[in-house]
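I opened the notebook for a first pass over a structure that was new to me. The entries below keep to what I looked up, in the order in which I looked.

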Amino acid sequence: MTQTPRKRLTSAMRIACLLVMASCSQVDLEPEAASDVPMVRVDDAGALHFQSAQAFFAAMEAISRMSPEEQVSWEERIGFTSLRRTLTLAERQLESAQTPVEQERLLEAYADVIDASEGTLRPRLSSPGYAGLVNRAGVFYVNGVIHKVTPDMLIISRDGRPETVEKYVASPRIREQLEAEPELVPEEGVRVARYAGEHGVTAQHHCGYERSGRYQSSDRRLDMYLRSLVYVSSDGINTYRRAGVELQMSGEKKLLGSWRSYNTTYSYRNVSFQVDVPIVTGSSGGSSLYYLETQLLGFADGGSGGESPSHSIYSILGHIIQNNALPASGFHKVYGQGSSRGTGGSWVTINCGFCSDGTCNSFETAGSCVSDCGYCGDGMCYGSETLSSCPGDCSYCGDGLCTEGVTACASDCGGYCGDGLCSNDESTSCSDCCPWGQICPED
(Lines give C-alpha, C1' and ligand atoms only; values in the text may rest on other atoms or scores of the structure.)
Protein backbone atom coordinates (compact mmCIF):
# COMPACT_ATOMS: atom_id res chain seq x y z
CA MET A 1 0.00 0.00 0.00
CA THR A 2 1.35 3.42 -0.89
CA GLN A 3 1.56 5.94 1.87
CA THR A 4 2.28 9.57 2.68
CA PRO A 5 5.34 9.96 4.91
CA ARG A 6 5.10 11.23 8.43
CA LYS A 7 7.31 14.17 9.34
CA ARG A 8 9.67 13.52 12.23
CA LEU A 9 11.97 16.51 12.56
CA THR A 10 12.83 19.73 10.71
CA SER A 11 16.31 21.18 10.98
CA ALA A 12 17.21 24.83 10.62
CA MET A 13 19.30 24.12 7.54
CA ARG A 14 17.98 26.19 4.60
CA ILE A 15 19.57 26.76 1.25
CA ALA A 16 18.24 29.64 -0.83
CA CYS A 17 17.58 28.81 -4.47
CA LEU A 18 16.87 31.92 -6.51
CA LEU A 19 17.98 30.97 -10.00
CA VAL A 20 15.54 32.23 -12.64
CA MET A 21 15.44 30.09 -15.78
CA ALA A 22 12.46 31.31 -17.83
CA SER A 23 10.06 34.20 -18.22
CA CYS A 24 6.56 32.72 -18.22
CA SER A 25 3.50 33.53 -16.18
CA GLN A 26 3.46 31.89 -12.75
CA VAL A 27 0.64 29.44 -12.08
CA ASP A 28 -0.73 27.99 -8.87
CA LEU A 29 2.05 25.91 -7.33
CA GLU A 30 0.01 23.97 -4.81
CA PRO A 31 -2.41 21.36 -6.22
CA GLU A 32 -5.40 20.95 -4.00
CA ALA A 33 -5.36 17.71 -2.05
CA ALA A 34 -7.94 15.34 -3.45
CA SER A 35 -9.12 11.91 -2.50
CA ASP A 36 -9.67 11.00 -6.16
CA VAL A 37 -7.51 11.28 -9.25
CA PRO A 38 -8.37 14.33 -11.39
CA MET A 39 -10.30 13.87 -14.62
CA VAL A 40 -8.16 12.19 -17.29
CA ARG A 41 -8.66 10.86 -20.80
CA VAL A 42 -7.40 7.51 -22.12
CA ASP A 43 -6.44 7.44 -25.80
CA ASP A 44 -6.51 4.53 -28.24
CA ALA A 45 -2.93 3.57 -27.33
CA GLY A 46 -3.90 3.27 -23.67
CA ALA A 47 -2.05 6.42 -22.55
CA LEU A 48 -3.40 8.92 -20.02
CA HIS A 49 -3.92 12.58 -21.00
CA PHE A 50 -3.80 15.17 -18.23
CA GLN A 51 -5.00 18.74 -18.69
CA SER A 52 -2.06 20.20 -16.78
CA ALA A 53 1.09 19.33 -14.91
CA GLN A 54 -0.72 20.18 -11.69
CA ALA A 55 -3.34 17.55 -12.55
CA PHE A 56 -0.59 15.01 -13.20
CA PHE A 57 1.06 15.60 -9.82
CA ALA A 58 -2.34 15.62 -8.08
CA ALA A 59 -3.02 12.23 -9.66
CA MET A 60 0.37 10.95 -8.50
CA GLU A 61 -0.38 12.08 -4.95
CA ALA A 62 -3.87 10.58 -5.00
CA ILE A 63 -2.58 7.21 -6.21
CA SER A 64 0.13 7.26 -3.53
CA ARG A 65 -2.68 7.05 -0.96
CA MET A 66 -4.46 4.14 -2.67
CA SER A 67 -4.16 0.47 -1.85
CA PRO A 68 -3.30 -1.85 -4.77
CA GLU A 69 -6.96 -2.91 -4.89
CA GLU A 70 -8.10 0.71 -5.10
CA GLN A 71 -5.63 1.40 -7.88
CA VAL A 72 -6.97 -1.51 -9.91
CA SER A 73 -10.55 -0.35 -9.30
CA TRP A 74 -9.71 3.16 -10.52
CA GLU A 75 -7.96 1.83 -13.63
CA GLU A 76 -10.84 -0.44 -14.52
CA ARG A 77 -13.33 2.39 -14.04
CA ILE A 78 -11.58 4.61 -16.62
CA GLY A 79 -10.48 1.79 -18.95
CA PHE A 80 -6.76 2.14 -18.29
CA THR A 81 -4.02 -0.44 -17.72
CA SER A 82 -0.95 1.00 -16.04
CA LEU A 83 2.56 -0.34 -16.40
CA ARG A 84 2.34 -1.22 -12.71
CA ARG A 85 -0.61 -3.53 -13.37
CA THR A 86 1.12 -5.03 -16.43
CA LEU A 87 4.19 -5.78 -14.31
CA THR A 88 2.07 -7.39 -11.61
CA LEU A 89 0.42 -9.63 -14.20
CA ALA A 90 3.79 -10.54 -15.73
CA GLU A 91 5.30 -11.38 -12.34
CA ARG A 92 2.38 -13.59 -11.38
CA GLN A 93 2.41 -15.44 -14.69
CA LEU A 94 6.16 -16.01 -14.44
CA GLU A 95 5.79 -17.20 -10.86
CA SER A 96 3.22 -19.81 -11.90
CA ALA A 97 5.16 -21.04 -14.96
CA GLN A 98 5.49 -24.83 -14.74
CA THR A 99 8.38 -25.44 -17.12
CA PRO A 100 11.50 -23.59 -18.31
CA VAL A 101 9.97 -23.48 -21.79
CA GLU A 102 6.86 -21.73 -20.50
CA GLN A 103 8.96 -19.29 -18.51
CA GLU A 104 11.10 -18.52 -21.55
CA ARG A 105 7.97 -17.86 -23.60
CA LEU A 106 6.68 -15.43 -20.98
CA LEU A 107 10.02 -13.66 -20.71
CA GLU A 108 9.97 -13.11 -24.45
CA ALA A 109 6.39 -11.81 -24.33
CA TYR A 110 7.26 -9.35 -21.54
CA ALA A 111 10.80 -8.48 -22.67
CA ASP A 112 9.80 -4.83 -23.07
CA VAL A 113 8.94 -4.50 -19.36
CA ILE A 114 10.93 -7.29 -17.62
CA ASP A 115 14.74 -7.49 -17.57
CA ALA A 116 16.20 -11.00 -17.06
CA SER A 117 19.73 -10.23 -18.30
CA GLU A 118 21.44 -10.67 -14.91
CA GLY A 119 19.82 -13.98 -14.04
CA THR A 120 17.05 -12.42 -11.94
CA LEU A 121 13.80 -10.81 -13.02
CA ARG A 122 13.58 -7.02 -12.59
CA PRO A 123 11.15 -4.42 -13.96
CA ARG A 124 12.83 -2.26 -16.58
CA LEU A 125 11.00 0.77 -15.16
CA SER A 126 10.97 0.32 -11.42
CA SER A 127 9.72 3.74 -10.28
CA PRO A 128 6.30 3.13 -8.63
CA GLY A 129 5.47 6.84 -8.91
CA TYR A 130 5.63 6.79 -12.69
CA ALA A 131 4.60 3.12 -13.16
CA GLY A 132 1.09 3.84 -11.85
CA LEU A 133 0.46 6.57 -14.45
CA VAL A 134 2.16 5.38 -17.63
CA ASN A 135 0.99 2.68 -20.02
CA ARG A 136 3.04 -0.34 -21.02
CA ALA A 137 5.06 1.84 -23.39
CA GLY A 138 5.95 4.22 -20.54
CA VAL A 139 3.95 7.11 -22.04
CA PHE A 140 1.61 9.79 -20.69
CA TYR A 141 0.55 13.24 -21.96
CA VAL A 142 0.17 16.66 -20.35
CA ASN A 143 -1.73 19.26 -22.39
CA GLY A 144 -0.93 17.26 -25.53
CA VAL A 145 2.80 17.08 -24.72
CA ILE A 146 4.11 13.51 -24.86
CA HIS A 147 6.21 12.16 -21.96
CA LYS A 148 8.21 8.95 -22.36
CA VAL A 149 9.58 7.46 -19.13
CA THR A 150 12.55 5.11 -19.31
CA PRO A 151 14.41 3.44 -16.41
CA ASP A 152 16.61 6.50 -15.85
CA MET A 153 15.33 9.45 -17.87
CA LEU A 154 12.22 11.27 -19.06
CA ILE A 155 11.89 12.42 -22.69
CA ILE A 156 9.36 15.19 -23.39
CA SER A 157 8.31 16.41 -26.84
CA ARG A 158 5.96 19.30 -27.51
CA ASP A 159 4.87 17.86 -30.88
CA GLY A 160 3.14 14.94 -29.11
CA ARG A 161 4.60 12.36 -31.53
CA PRO A 162 5.81 8.98 -30.16
CA GLU A 163 8.42 8.68 -32.92
CA THR A 164 10.09 11.89 -31.74
CA VAL A 165 10.72 10.62 -28.22
CA GLU A 166 11.60 7.08 -29.31
CA LYS A 167 14.66 8.21 -31.26
CA TYR A 168 16.25 9.43 -28.02
CA VAL A 169 15.48 6.33 -25.94
CA ALA A 170 18.50 4.32 -27.09
CA SER A 171 20.82 7.21 -27.93
CA PRO A 172 24.27 6.60 -26.37
CA ARG A 173 25.19 10.26 -26.93
CA ILE A 174 22.21 11.48 -24.91
CA ARG A 175 23.01 9.11 -22.06
CA GLU A 176 26.63 10.25 -22.00
CA GLN A 177 25.58 13.89 -21.85
CA LEU A 178 23.13 13.18 -19.05
CA GLU A 179 26.01 11.93 -16.95
CA ALA A 180 27.21 15.53 -16.76
CA GLU A 181 23.96 17.50 -17.11
CA PRO A 182 20.61 16.74 -15.43
CA GLU A 183 18.62 18.11 -18.39
CA LEU A 184 19.19 18.50 -22.14
CA VAL A 185 17.43 20.26 -25.03
CA PRO A 186 18.63 18.25 -28.04
CA GLU A 187 16.25 20.02 -30.45
CA GLU A 188 13.52 22.63 -30.42
CA GLY A 189 10.55 21.50 -28.36
CA VAL A 190 12.29 18.45 -26.87
CA ARG A 191 13.60 18.02 -23.32
CA VAL A 192 15.47 15.04 -21.90
CA ALA A 193 15.75 14.99 -18.11
CA ARG A 194 17.37 12.62 -15.67
CA TYR A 195 14.86 12.01 -12.89
CA ALA A 196 16.80 9.40 -10.91
CA GLY A 197 19.82 10.56 -8.94
CA GLU A 198 23.18 8.95 -9.46
CA HIS A 199 23.75 5.91 -7.27
CA GLY A 200 27.18 6.98 -6.06
CA VAL A 201 27.92 8.54 -2.69
CA THR A 202 28.44 12.31 -2.67
CA ALA A 203 30.25 14.46 -0.13
CA GLN A 204 27.19 16.56 0.67
CA HIS A 205 24.80 13.64 0.92
CA HIS A 206 27.07 10.82 1.95
CA CYS A 207 24.37 8.14 1.87
CA GLY A 208 23.84 8.66 -1.88
CA TYR A 209 20.64 8.63 -3.92
CA GLU A 210 19.87 4.94 -3.42
CA ARG A 211 20.41 2.44 -0.64
CA SER A 212 19.66 -1.27 -0.82
CA GLY A 213 19.82 -4.37 1.32
CA ARG A 214 19.37 -8.09 0.78
CA TYR A 215 18.43 -11.05 2.94
CA GLN A 216 19.31 -14.46 1.50
CA SER A 217 18.95 -18.03 2.72
CA SER A 218 19.49 -21.27 0.82
CA ASP A 219 16.19 -20.97 -1.05
CA ARG A 220 14.73 -17.50 -0.36
CA ARG A 221 15.95 -13.96 -0.77
CA LEU A 222 14.51 -10.50 -0.31
CA ASP A 223 15.75 -7.25 -1.85
CA MET A 224 14.84 -3.84 -0.45
CA TYR A 225 15.58 -0.43 -1.99
CA LEU A 226 15.12 3.17 -0.85
CA ARG A 227 15.59 5.76 -3.59
CA SER A 228 15.52 9.57 -3.76
CA LEU A 229 14.49 11.16 -7.07
CA VAL A 230 12.77 14.08 -8.84
CA TYR A 231 9.54 13.67 -10.82
CA VAL A 232 9.33 15.89 -13.93
CA SER A 233 6.42 17.07 -16.08
CA SER A 234 5.84 19.76 -18.70
CA ASP A 235 2.83 21.36 -20.39
CA GLY A 236 4.89 22.55 -23.35
CA ILE A 237 5.39 26.02 -21.90
CA ASN A 238 6.49 25.44 -18.32
CA THR A 239 8.45 22.60 -16.72
CA TYR A 240 7.57 21.36 -13.25
CA ARG A 241 9.45 19.21 -10.75
CA ARG A 242 8.67 17.50 -7.47
CA ALA A 243 10.92 15.63 -5.07
CA GLY A 244 10.08 12.09 -4.05
CA VAL A 245 11.26 9.01 -2.19
CA GLU A 246 10.43 5.44 -3.20
CA LEU A 247 10.64 2.13 -1.34
CA GLN A 248 10.62 -1.17 -3.22
CA MET A 249 10.71 -4.79 -2.08
CA SER A 250 10.87 -7.98 -4.12
CA GLY A 251 11.17 -11.62 -3.18
CA GLU A 252 12.59 -14.60 -5.00
CA LYS A 253 12.84 -18.32 -4.35
CA LYS A 254 15.23 -20.89 -5.77
CA LEU A 255 13.55 -23.41 -8.02
CA LEU A 256 15.33 -25.92 -10.25
CA GLY A 257 18.63 -24.20 -9.53
CA SER A 258 17.57 -20.66 -10.53
CA TRP A 259 16.05 -17.70 -8.70
CA ARG A 260 12.44 -16.90 -9.60
CA SER A 261 10.02 -14.28 -8.33
CA TYR A 262 7.09 -15.64 -6.34
CA ASN A 263 3.97 -14.46 -4.53
CA THR A 264 4.59 -13.60 -0.90
CA THR A 265 3.62 -11.00 1.68
CA TYR A 266 5.86 -8.08 2.67
CA SER A 267 6.34 -6.00 5.81
CA TYR A 268 8.44 -2.92 6.47
CA ARG A 269 9.16 -0.99 9.65
CA ASN A 270 11.23 1.90 11.03
CA VAL A 271 11.65 3.49 7.59
CA SER A 272 13.24 6.92 8.13
CA PHE A 273 15.12 9.24 5.81
CA GLN A 274 16.61 12.70 6.05
CA VAL A 275 16.46 14.63 2.77
CA ASP A 276 16.31 18.20 1.45
CA VAL A 277 12.69 19.22 0.78
CA PRO A 278 11.87 22.18 -1.55
CA ILE A 279 9.78 24.96 0.03
CA VAL A 280 8.50 27.67 -2.34
CA THR A 281 8.68 31.27 -1.13
CA GLY A 282 7.45 33.06 -4.28
CA SER A 283 8.22 33.51 -7.96
CA SER A 284 10.23 35.70 -10.28
CA GLY A 285 9.73 35.89 -14.02
CA GLY A 286 7.59 32.75 -13.96
CA SER A 287 10.11 30.69 -12.04
CA SER A 288 9.74 29.42 -8.50
CA LEU A 289 11.90 30.85 -5.76
CA TYR A 290 12.54 28.27 -3.09
CA TYR A 291 14.86 27.03 -0.41
CA LEU A 292 15.75 23.49 0.64
CA GLU A 293 14.77 22.48 4.14
CA THR A 294 16.43 19.40 5.59
CA GLN A 295 13.68 17.25 7.05
CA LEU A 296 13.62 13.89 8.78
CA LEU A 297 10.69 11.90 7.36
CA GLY A 298 9.55 8.31 7.21
CA PHE A 299 6.86 5.80 6.27
CA ALA A 300 4.54 4.41 8.93
CA ASP A 301 5.10 0.71 9.57
CA GLY A 302 3.06 -1.36 7.14
CA GLY A 303 3.02 -4.10 4.54
CA SER A 304 1.58 -5.45 1.33
CA GLY A 305 -1.64 -6.78 2.84
CA GLY A 306 -1.91 -9.50 0.21
CA GLU A 307 0.44 -11.70 -1.78
CA SER A 308 2.43 -10.36 -4.71
CA PRO A 309 5.85 -10.85 -6.31
CA SER A 310 6.88 -7.32 -5.27
CA HIS A 311 5.67 -4.37 -3.26
CA SER A 312 6.41 -0.65 -3.48
CA ILE A 313 5.39 2.63 -1.90
CA TYR A 314 6.36 6.21 -2.61
CA SER A 315 5.81 9.75 -1.40
CA ILE A 316 6.01 13.22 -2.92
CA LEU A 317 7.86 15.80 -0.85
CA GLY A 318 7.55 19.56 -0.62
CA HIS A 319 6.19 21.95 -3.24
CA ILE A 320 6.01 21.93 -7.04
CA ILE A 321 8.99 23.77 -8.53
CA GLN A 322 8.21 25.62 -11.77
CA ASN A 323 10.82 26.50 -14.40
CA ASN A 324 13.73 26.09 -12.02
CA ALA A 325 16.33 23.44 -11.39
CA LEU A 326 15.63 20.93 -8.61
CA PRO A 327 18.47 18.48 -8.08
CA ALA A 328 17.63 15.12 -6.60
CA SER A 329 18.35 15.19 -2.89
CA GLY A 330 20.64 12.43 -1.80
CA PHE A 331 19.99 10.90 1.58
CA HIS A 332 21.69 12.61 4.51
CA LYS A 333 20.56 9.62 6.58
CA VAL A 334 18.40 6.61 5.76
CA TYR A 335 17.17 3.57 7.66
CA GLY A 336 14.59 0.86 7.06
CA GLN A 337 13.84 -2.80 7.69
CA GLY A 338 11.92 -5.24 5.52
CA SER A 339 10.79 -8.85 5.68
CA SER A 340 8.59 -11.27 3.80
CA ARG A 341 6.82 -14.47 4.65
CA GLY A 342 9.67 -16.32 2.98
CA THR A 343 12.35 -14.83 5.24
CA GLY A 344 10.86 -16.64 8.24
CA GLY A 345 10.96 -13.68 10.62
CA SER A 346 14.38 -12.41 9.53
CA TRP A 347 14.69 -8.76 8.50
CA VAL A 348 16.87 -7.05 5.92
CA THR A 349 18.20 -3.71 7.18
CA ILE A 350 19.21 -0.55 5.31
CA ASN A 351 21.23 1.75 7.55
CA CYS A 352 23.33 4.77 6.67
CA GLY A 353 24.09 7.79 8.81
CA PHE A 354 21.81 7.18 11.80
CA CYS A 355 24.21 5.28 14.06
CA SER A 356 26.79 7.69 15.57
CA ASP A 357 24.64 10.77 14.86
CA GLY A 358 24.33 11.47 18.59
CA THR A 359 20.64 10.56 18.83
CA CYS A 360 19.24 7.27 20.05
CA ASN A 361 16.39 6.83 17.55
CA SER A 362 13.33 4.71 18.26
CA PHE A 363 14.62 1.84 16.11
CA GLU A 364 18.11 1.83 17.68
CA THR A 365 19.22 -0.02 20.79
CA ALA A 366 22.41 -0.29 22.79
CA GLY A 367 23.01 -3.57 20.98
CA SER A 368 22.57 -2.16 17.45
CA CYS A 369 24.14 1.27 18.06
CA VAL A 370 26.04 1.51 21.30
CA SER A 371 27.61 4.87 20.35
CA ASP A 372 24.15 6.53 20.40
CA CYS A 373 22.24 4.35 22.84
CA GLY A 374 24.88 2.94 25.17
CA TYR A 375 24.76 3.80 28.87
CA CYS A 376 26.42 2.65 32.08
CA GLY A 377 24.59 -0.48 33.03
CA ASP A 378 23.83 -1.77 29.53
CA GLY A 379 26.39 -4.57 29.88
CA MET A 380 28.83 -3.15 27.29
CA CYS A 381 32.03 -1.26 28.07
CA TYR A 382 32.21 1.38 25.34
CA GLY A 383 33.68 4.81 24.59
CA SER A 384 34.43 6.87 27.67
CA GLU A 385 33.38 4.14 30.11
CA THR A 386 36.19 2.76 32.28
CA LEU A 387 36.56 0.32 35.14
CA SER A 388 36.39 3.17 37.64
CA SER A 389 33.53 5.14 36.01
CA CYS A 390 31.36 2.12 35.15
CA PRO A 391 32.53 -1.06 36.89
CA GLY A 392 29.25 -2.78 36.15
CA ASP A 393 29.98 -2.76 32.40
CA CYS A 394 33.80 -2.74 32.37
CA SER A 395 34.76 -5.08 35.19
CA TYR A 396 36.34 -8.49 34.61
CA CYS A 397 37.40 -11.38 36.81
CA GLY A 398 40.84 -10.56 38.14
CA ASP A 399 40.46 -6.78 38.25
CA GLY A 400 40.34 -6.79 42.06
CA LEU A 401 36.74 -5.58 42.21
CA CYS A 402 34.00 -7.92 43.32
CA THR A 403 31.28 -7.10 40.80
CA GLU A 404 30.72 -10.63 39.51
CA GLY A 405 29.93 -12.48 42.74
CA VAL A 406 31.90 -15.22 44.44
CA THR A 407 30.49 -17.93 42.18
CA ALA A 408 31.68 -16.19 39.01
CA CYS A 409 34.96 -14.83 40.39
CA ALA A 410 36.20 -16.16 43.72
CA SER A 411 39.59 -14.48 43.25
CA ASP A 412 37.99 -11.03 43.37
CA CYS A 413 35.24 -11.82 45.86
CA GLY A 414 37.17 -13.66 48.58
CA GLY A 415 36.10 -17.28 48.34
CA TYR A 416 36.06 -19.46 51.45
CA CYS A 417 36.58 -23.15 52.12
CA GLY A 418 33.23 -24.81 51.64
CA ASP A 419 31.87 -22.47 48.94
CA GLY A 420 32.35 -25.20 46.32
CA LEU A 421 35.00 -23.18 44.48
CA CYS A 422 38.72 -23.92 44.53
CA SER A 423 40.35 -20.56 45.24
CA ASN A 424 44.06 -19.96 44.70
CA ASP A 425 44.92 -19.95 48.41
CA GLU A 426 42.98 -23.14 49.20
CA SER A 427 45.16 -25.55 47.23
CA THR A 428 44.90 -29.05 48.73
CA SER A 429 43.93 -27.84 52.17
CA CYS A 430 40.23 -27.65 51.30
CA SER A 431 37.79 -30.19 49.92
CA ASP A 432 36.72 -27.56 47.38
CA CYS A 433 39.93 -28.42 45.54
CA CYS A 434 39.72 -32.20 45.93
CA PRO A 435 39.87 -34.09 42.61
CA TRP A 436 36.78 -36.15 41.91
CA GLY A 437 36.94 -39.65 43.45
CA GLN A 438 39.77 -38.95 45.93
CA ILE A 439 39.69 -38.69 49.73
CA CYS A 440 40.26 -35.12 50.81
CA PRO A 441 40.66 -33.40 54.17
CA GLU A 442 37.63 -32.25 56.07
CA ASP A 443 36.72 -28.55 55.68
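**Entry 1: ground rules**

I noted that this is a predicted model, in which local features need pLDDT of at least 70, side-chain atom pairs count only at pLDDT 80 or more, and totals for chains, interfaces and linings use all residues. Residues are numbered from 1 along each chain as its sequence is written, and side-chain values use heavy atoms, with hydrogens and water left out.

**Entry 2: the whole chain**

I first looked up the secondary structure, and the chain has 10 helices and 20 strands; helices (H or I, at least four residues) and strands (E, at least two) are DSSP runs, numbered from the N terminus. Of the 443 residues in the chain, 49% are buried, where buried means under 20% relative accessible area, exposed over 50%, and partly exposed in between (1.4 Å probe, protein chains only).

I then looked at contacts, meaning heavy atoms within 4.5 Å, and among those between residues at least 6 apart in sequence, 61% join residues at least 24 apart. The accessible surface comes to about 20,500 Å², and 50% of that belongs to carbon and sulfur atoms; the areas come from the Shrake-Rupley method with a 1.4 Å probe, and for residues only the protein chains shown count as cover.

I traced an open sheet whose seven strands have the order 2-3-6-7-8-10-9, with mixed pairing; two strands pair if DSSP finds at least two bridges between them. Strand 2 (41-42) and strand 9 (183-187) stand at the edges with a single partner strand each, so one side of each is left without a neighbour in the sheet.

**Entry 3: the disulfides**

How many disulfides are there? I counted three, taking a disulfide as a pair of cysteine sulfur atoms within 2.5 Å.

- Cys-207 is joined to Cys-352 (S to S 2.1 Å), and the torsion about the S-S bond is about -95 degrees, so this disulfide is left-handed. The pair links distant parts of the chain, 145 residues apart, with Cys-207 in the loop between strand 10 and strand 11 (210-216) and Cys-352 in strand 20 (residues 348-352); both cysteines are buried.
- Cys-360 and Cys-373 have their sulfur atoms 2.0 Å apart, and a torsion of about 105 degrees makes the disulfide right-handed. Cys-360 is partly exposed at 41% relative accessible area, whereas Cys-373 is buried at 9%.
- Cys-376 is joined to Cys-390 (S to S 2.0 Å), in a right-handed link with 105 degrees about the S-S bond. Cys-376 counts as partly exposed at 48%, and Cys-390 is buried at 1%.

I ended with strand 12 (residues 220-234), in which 13 of the 15 residues are buried, so it is largely enclosed by the rest of the structure. Strand 11 runs antiparallel to strand 12, with seven bridges joining them, and the two form a hairpin with three residues between them; Asp-223 in strand 12 is the bridge partner of Arg-214.

Strand 12 is also joined to strand 13 (residues 239-255) by 15 bridges, again antiparallel, and here Met-224 stands opposite Met-249 in strand 13. In the hairpin of strand 12 and strand 13, with four residues between the strands, I noted that Gly-236 takes a positive phi near 95 degrees.
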